[in-house]
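Subject: Handover of a structure and the findings on it

Dear colleague,

Please find below the structure that I am handing over to you.

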Amino acid sequence: MLTANSTQTIATDRGEPFVLTSHEREAIEHAMHHYEDPRAATIDALKIVQSQRRWVPDGAVVAIADILGVSAADVEGVATFYNRIYRQPVGRHVIAVCDSIGCFLMGFDQLYGALQAKLGIRPGETTADGRFTLLPIVCLGACDKAPVLMVNDATHFNVTPETIDSVLESYL
Ligand code: FES
């Protein structure tokens, strides 16, 4: 069972201590002061941790809750709601492929299958070299340019099995 404490040194469910860096802690406290209700800073806080670590460990959820004065369940709820907050380690680059209806009709299956074959991984997995993680994502709001995928924060349009290589080659 995870518990919060006031020093940000928190035992994770694997028994390892978790400590926010001073940079993370200061950035979260800074973000918190932009809002009347500290809980409004939850997504900012999660993004701050993820920007440093590429994912949000259990201990960070508890530490964020402690700083914001909310429950860890509240923070977990926000983390779960946002599909680009990662609660497990991911690769250096996250490929998120839109599987909503517009992209589905325009070749999602072929694109997703080709990506899995090229990378040698299944959805939710990371390549052995830690380069890519492959995930589905809901509509990215560019349905007229389907199929669409994101690599990290960059959106790529009209991606086909034939153009995968040119999309991925710049992500080392
Ligand atoms: S359905 Fe894929 S971007 Fe909208």
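A residue is called buried if its relative accessible area is under 20%, exposed if it is over 50%, and partly exposed in between (1.4 Å probe, protein chains only). Q116, with a relative accessibility of 17%, therefore counts as buried.

The model is a predicted one, in which local features need pLDDT of at least 70 and side-chain atom pairs count only at pLDDT 80 or more, while totals for chains, interfaces and linings use all residues. Residues are numbered from 1 along each chain as its sequence is written, and side-chain values use heavy atoms, with hydrogens and water left out.

Overall layout

Helices (H or I, at least four residues) and strands (E, at least two) are DSSP runs, numbered from the N terminus. The chain contains seven helices and six strands, and their order along the sequence is β-β-α-α-α-α-β-α-α-β-β-β-α. Its C-alpha atoms fill a box of roughly 55 × 35 × 25 Å, taken along the principal axes. Of its 172 residues, 41% count as buried. A contact means heavy atoms within 4.5 Å. Of the contacts between residues at least 6 apart in sequence, 61% join residues at least 24 apart.

The helices and the cores

In helix α1 (residues 22-32), the buried residues are E24, I28, A31 and M32. Viewed down the axis of α1, these buried residues fall within an arc of 100 degrees, so they line one face of the helix; the arc is that of the directions from the helix axis to the C-beta atoms. An α-helix has 3.6 residues a turn, so residues three or four places apart point the same way. S22, E26 and H30 are exposed on the other side of α1. The cover over the buried residues of α1 includes α2 (42-53) and α3 (58-68).

Helix α3 is largely enclosed by the rest of the structure, because ten of its eleven residues are buried. Among them are D58, G59, I64 and L68. Just after α3, G69 takes a positive phi of about 75 degrees.

A nonpolar core is a set of buried Ala, Val, Leu, Ile, Met, Phe, Trp, Tyr and Cys residues joined through side-chain atoms within 4.5 Å. The largest such core has 23 residues, and those with the most contacts inside it are I28, L46 and I64. Two or more residues of this core come from each of α1, α2, α3 and α4 (72-81). The most come from α3, which gives seven. Leaving aside residues up to four places away in sequence, L46 touches V56, I64, V75, V78, A79 and I85. Another core lies apart from it, with 17 residues that include L111, L149, V159 and Y171.

The sheet

Two strands pair if DSSP finds at least two bridges between them. Four strands form an open sheet in the order β4-β3-β5-β6, with mixed pairing. Strands β4 (132-137) and β6 (154-156) stand at the edges with a single partner strand each, so one side of each is left without a neighbour in the sheet. From one strand to the next, the twist averages 25 degrees. Strand β5 (residues 149-151) pairs with β6 in the antiparallel sense over three bridges; M150 has T155 of β6 as its bridge partner.

Helix α6 (residues 108-119) lies across β3 (93-98), β4 and β5, and runs at about 155 degrees to β3. Such axes are lines fitted to C-alpha atoms, for helices over the stretch in contact, and angles run from 0 to 180 degrees between N-to-C directions. The buried residue Q116 is found in α6. Q116 touches I121, R122, P123 and L134, not counting residues up to four places away in sequence.

Backbone details

Most residues other than glycine have a negative phi, and most peptide bonds are trans. The peptide bond from A146 to P147 is cis, with omega near -5 degrees, and P147 lies in the loop between β4 and β5. N152, in the loop between β5 and β6, has a positive phi near 55 degrees. N158, in the loop between β6 and α7 (164-168), has a positive phi of about 50 degrees.

Yours sincerely
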